[in-house]
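Here is a friendly note to read alongside the structure.

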Amino acid sequence: MTKKEGQPRDIAVNRRAFHEYAIGERYEAGLSLLGSEVKSLRAGRAQLQDAYARFFGEELFLVGAHISPYAPSGQFGHAPTRDRKLLLHRRELDKLAARIKEKGLTLVPLRLYWEKGRAKCELGLGRGKKLHDKRAAIRERDERREMERARG
């Protein structure tokens with residue numbers, strides 16, 4: 001079954017983010033990319049494992065995301081872990097900047113995906129989990145699995 005045009009297609013998903021953070025609000029941001037980065041994303045060669053979003057002045061950037069170099073671009077390629085500008089409306093940027101100043105909140109990239117031919121980044125406003133929170137989440141997940149096995 002093929003996906004319809006216009007439906008989001010995941011490029012990379014940050015599963016670790018859901019383990020490390022309690023995710024609250026979510027935002028969709030565009031990405032400012034180079035041509036060779038777009039080619040690499042089309043090939044699905046991206047990782048968000050250690051990435052985060054950070055303000056530099058009044059602009060928001062994706063830091064630490066790894067987009068592998070596109071081999072045919074040769075010397076005109078890109079640096080794999082360069083900071084990439086995230087595109088949001090000014091009102092959203094101002095709102096996010098105010099929220100991040102609250103204690104313990106971080107902007108975490110949850111996934112990269114295509115929407116109508118454009119690369120998008122889903123950001124989550126997360127609060128870091130403590131060790132006991134992680135253990136509770138693992139326990140709940142295991143209990144759900146056991147219940148599903150018992151049913152069917």
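**Notes on the predicted model**

1. Fourteen is the count to start with: 14 residues line the largest pocket, and Gly30, Leu31, Leu87, Ala119 and Lys120 lie nearest its centre. A pocket here is an open set of points on a 1 Å grid over the protein atoms alone, where a 1.4 Å probe fits, with protein on both sides within 12 Å along at least five of seven lines; lining residues have an atom within 4 Å of a point.

2. Before going on, please keep in mind that this is a predicted model, in which local features need pLDDT of at least 70, side-chain atom pairs count only at pLDDT 80 or more, and totals for chains, interfaces and linings use all residues. Residues are numbered from 1 along each chain as its sequence is written, and side-chain values use heavy atoms, leaving out hydrogens and water.

3. Which strand gives the largest share of the lining of the largest pocket? That is E2, with four residues. Strand E2 (21-31) and strand E9 (118-128) each supply at least two; strands are DSSP runs of E with at least two residues, helices runs of H or I with at least four, numbered from the N terminus.

4. By class, this lining has eight nonpolar, two polar and four charged residues. Ala, Val, Leu, Ile, Met, Phe, Trp, Tyr, Cys and Pro count as nonpolar, Asp, Glu, Lys and Arg as charged, and the others, Gly among them, as polar.

5. Stepping back, the chain has four helices and nine strands, in the order β-α-β-α-β-β-β-β-β-α-β-β-α along the sequence. Its C-alpha atoms fill a box of roughly 55 × 45 × 30 Å along the principal axes.

6. Of the 152 residues, 30% count as buried, meaning under 20% relative accessible area, with exposed over 50% and partly exposed in between (1.4 Å probe, protein chains only).

7. There is one aromatic pair, and the rings of phenylalanine 56 and phenylalanine 61 form it edge-to-face, because their centres are 5.6 Å apart and their planes at 65 degrees. Rings of Phe, Tyr and Trp (its six-membered ring) pair if their centres lie within 6.5 Å, and planes under 30 degrees apart count as stacked, over 60 as edge-to-face and the rest as tilted. Phenylalanine 56 is partly exposed at 34%, while phenylalanine 61 is buried at 17%.

8. Finally, have a look at alanine 79, in the loop between strand E6 (66-67) and strand E7 (84-87). Alanine 79 is partly exposed, at 43% relative accessibility.
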